[in-house]
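Have a go at each one before you read its solution.

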Amino acid sequence: MEQAIESQLLEISLGPQHPSTHGVFRMNATLDGETIVKLKPVMGYLHRNHEQIGESISYIASFPFTDRLDYFSAMSNNLGLAIAIEQLGGIPVSERGEYVRVIMAELTRLVNHTAVTGFLINDMGAFGTPLLYAFREREKILDLFEAASGSRMMCNYVRPGGVREDVPAGWLAQAKQLVDGYPRFLDEFEMLLTDNEIIRQRTQGVGVLSKELAVNASVTGPMLRATGVNYDIRKVDGYSIYPRFAFKIPLGSAGDVYDRYYVRILEMRESVKILQQALKQIPDSGPAISPKGLAIGKAPRTFRPAKGDAYGRIEAPKGELGFYLVSDGSPQPYRYHVRAPSFVNLTVLEDMCLGQKVADTIIILGSVDIVLGEVDR
Amino acid sequence: MALIGTGVLSGMGVVFKTFLETYPWGRVVLRTVGVKPTNGLVTVEYPDVKQQHAERFRYFPFLVYDQTPDNLRCVACRICEQECPPQCIHIIMEKDEQGRPVKNHGRTLPKVFDIDTSVCMSCRICVDVCPFDAIEMDNTYELSSEGRFTEMIYDKQRLLKSDEYFHSIHPEEAAVVDQRLAAKKAKAAPSAPSQPGASPAAPPPAI
Amino acid sequence: MPLSQVWQDLDQLFVHAKQFLLGVLPEPWRPWASMVVTIGVIAAIAPAIMMYLTWIERKLIARMQNRFGPTRVGVYGLAQPLADGLKMLIKEDIVPRGADRLLHTVAPILAVVPAMLVFVITPFGRGMIGADLNVGLLYFFAISSIGSYAIFMGGWASRSKFSMLGAMRAVAQIISYEVPGVLSVVAVIMVTGTLSLTGIVDAQADQWFVFTPWGLVGCLMFFLSGVAEVNRTPFDMPEAESELVGGFHTEYSGMKFALWYMAEFLESFAICAFTVTLFLGGWHGPNIPFGIVAVLLGMIIATGSRLPWPVRVLGAAAMAGALVLWGRQPMPSWIWFFTKTYALIFVLVWFRGTFPRLRVDQLMGLAWKFFLPLALVNIVAAGLWVLIPNPILTWVLSTTILMASAWLLVLANKPAPLARRTYVLAD
């Protein structure tokens, strides 16, 4: 009975209109029964010409567009562009501004990691409960973002040299209260998910990414660290004021979906530690933006960095987010390029999915943690 | 090693606790068995109850005038038009037959000042770049309407709002703006009505 | 029967009401009228049960997620199901191009009809059963498996790859789970020696089957297999909206879509009702002296110092009222039945609010590698229960057999959760 029943391969297009592709993403999958034999990611449905627009407007006007790259972590994106512009124009950052930026970036990490965990479990088929718990906590952080920047998601807050305006009075106390209460929520969240047999059954050994492939494909962020590679730009580059804080980098070993989930949970716990230290150390007064920074009221066209290029990168929640700027001395960048972590991490999707089931494809995609705004730009 | 099934049961426990937390009697039950209730219902029933927004909450810009609506701060310098990332602002300066700018209260003024709500992304760049603090962010957010090319294009008349209104919605920011304007006035007082910042004849946008 | 007698015995309220109605009619019409009344009542309550199941599910899940659920239509959103039904009726009915029109239309009807037919043999209370078949259990399994044809028909007729995948999953799943479902009931048949549902309920007057080792295992297996058969979370593979968009009903809209949902909800109600009937004592109340329980509870509530005082006063008063009520008349049997059924429905909703779904192969593995062997062992345990007269010996024997085999099966299947992981916190 060696001769198997003759069967046809089934080609199926998951997306662009599909509930679990996190936006308008498409996977052209070829199935043998329920097993994936070929998978081709198709992207570009949300292409908005971000880089080209960035080359035709002044440096400062690109900030609102970076909010819309990875719309879950607007503050981090702002920070990445700000760091690139600071390198290009040689702008120092004010002390208080540095702290506020780090606090915002780490709060963004909390927002992103809770939400993506919720989405991951939703992709597994839960009826939204973990997702709504995640959103409940996320709303509290978004309230803080709104109080500081005026907008919940499209913050447009960080500026080269610091932040646009200082945080309002009492904000730091509120943030401290939230941060101190966060581990409690994480404990509850883990009680719901971490030991759940169904989740472990679904995720362990699924979507395994090897160390070598991850490094070769220049995968970054929690996905890389889940394979056990110790690479976190906060430690490697030590940008901003991260060297002042004591924190660890959680590493997985198997590189499967469960490790990616758990590494994110552990990263949130480390973020809470960073936040607690930052909220303790932040200077009570001082300018939020340095005198050379691009503050409110400064005419944007007067900022003309000297000829040259700069690559500013940060550890965004999704991985290495880099902005490459080339200046020709004019008010607009000559070249503006974004190294989007979601996009690069997505390139290994097929390698992870081959031989898995249709249901696994969905959660593997969920564990990559993509935001289509960033993939397609 | 944990017994198979305990993870599932503890998850169900968390969900049941949340279920009880949403009822007053459930909170009593939880307290009786020694569990501290944390989150209750978090829904804001929108049209009936409105969420309390932060003071800095921003949505859609408006033009500020002092005292009377004809005394608007905008001088039609077109910096905001040029810098607006989604390019939703359209300005034409008021000019007489010879093509010279008309002056009112010692300032040039816009004849047309349109903002397209459906394009505007409330990013606040126009406010940040305005050298005259003439445009500020509003906090009304119920702007939906059916007229895509009529009601959703806000013209100058609909955009004009008083300085008092600005003070009432963003008191902190308005105080800072007043300080800045006062400082500028003191500096500009000796030399007569010249324009600080960019010149009115700024070049048209590059694209 | 005069009208005045109808109210005297709450337990037999509906039975007396029907007899009163029939009594009005002339003698030769009565058998026919009896049929018409029964069919009419079942045809009327089935959609009502389904509609309010959707409301209950939405409300409960919303509360589990810190939300309100439906609140807009009517008080507490009670009119929401009506509004939904109206919306479904006026929605456009779309049949995809190239689909098999006839089967596409027939499939949802074929799904609903068996789901409603199951209500005929459900014993809702003492004497409240549409038709007391002596092969009631067989009828239940025969009728409820028709649903798989309907699902495959719908999935095939839709001419969509997602529907087809969902339908194939559904057939595999429903057929797999019928085996442990039926085998777990064999134990009940062995002990009671009857296939009649009334007989099975009567046999549980002293002891509910769930309080025996084989009954507990059988109850869990029957309930979980039932959950899998009606495609509910965590076994909702055929629908799998995050993978297959909507599975077999991807291409359905309007009233046909509502019919699929009606079938699903009625079947889940039926699964709960039959778990109650077969293992949880049916319409029997528990054999505990409720008067004493009420007194004890009242004392605990009244003296509970951590409770606010209005709660204490009200609780004690309620318990006193319960004591008085209990002294006058026992709780009507149909109240017990519905209480237990809706408690199980709460468990179903609770599952849905908590769990993600399993994968297809894991689901099949659960059925064939765990439930099926355990069901077979359970039959042996039930056999021991019948054969050995010494109660202590049977308890010990059957408990050990079941626990040992369950544990061995877990070890033999080597599930992933057994492996522990360690994480490094690097600098």
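**Exercise 1.** Which strand of chain C is joined to β6(A), and how many bridges join them?

*Solution.* Before you start: this is a predicted model, where local features need pLDDT of at least 70, side-chain atom pairs count only at pLDDT 80 or more, and totals for chains, interfaces and linings use all residues. Residues are numbered from 1 along each chain as its sequence is written, chains are lettered from A and ligands numbered from 1 in the order in which they are written, and side-chain values use heavy atoms, leaving out hydrogens and water.
- Step 1: go to strand β1 of chain C, residues 424-426; three bridges join it to β6(A). (Strands are DSSP runs of E, at least two residues, and helices are runs of H or I, at least four, numbered from the N terminus; strands pair if DSSP finds at least two bridges between them.)
- Step 2: check the direction, which is antiparallel.
- Step 3: pick out one pair, A:Ile249 with its bridge partner C:Ala426.

**Exercise 2.** Work out how many residues of chain A and chain C are in contact.

*Solution.* 
- Step 1: count contacts (heavy atoms within 4.5 Å): 57 residues of chain A touch 39 of chain C.
- Step 2: sort the chain A side by class, giving 27 nonpolar, 15 polar and 15 charged residues. (Ala, Val, Leu, Ile, Met, Phe, Trp, Tyr, Cys and Pro count as nonpolar, Asp, Glu, Lys and Arg as charged, and the others, Gly among them, as polar.)

**Exercise 3.** Find the salt bridge between chain A and chain C.

*Solution.* 
- Step 1: look for a side-chain nitrogen of Lys or Arg within 4 Å of a carboxyl oxygen of Asp or Glu; the count is one.
- Step 2: name the partners, A:Asp360 and C:Arg359, whose closest N and O atoms are 3.0 Å apart.
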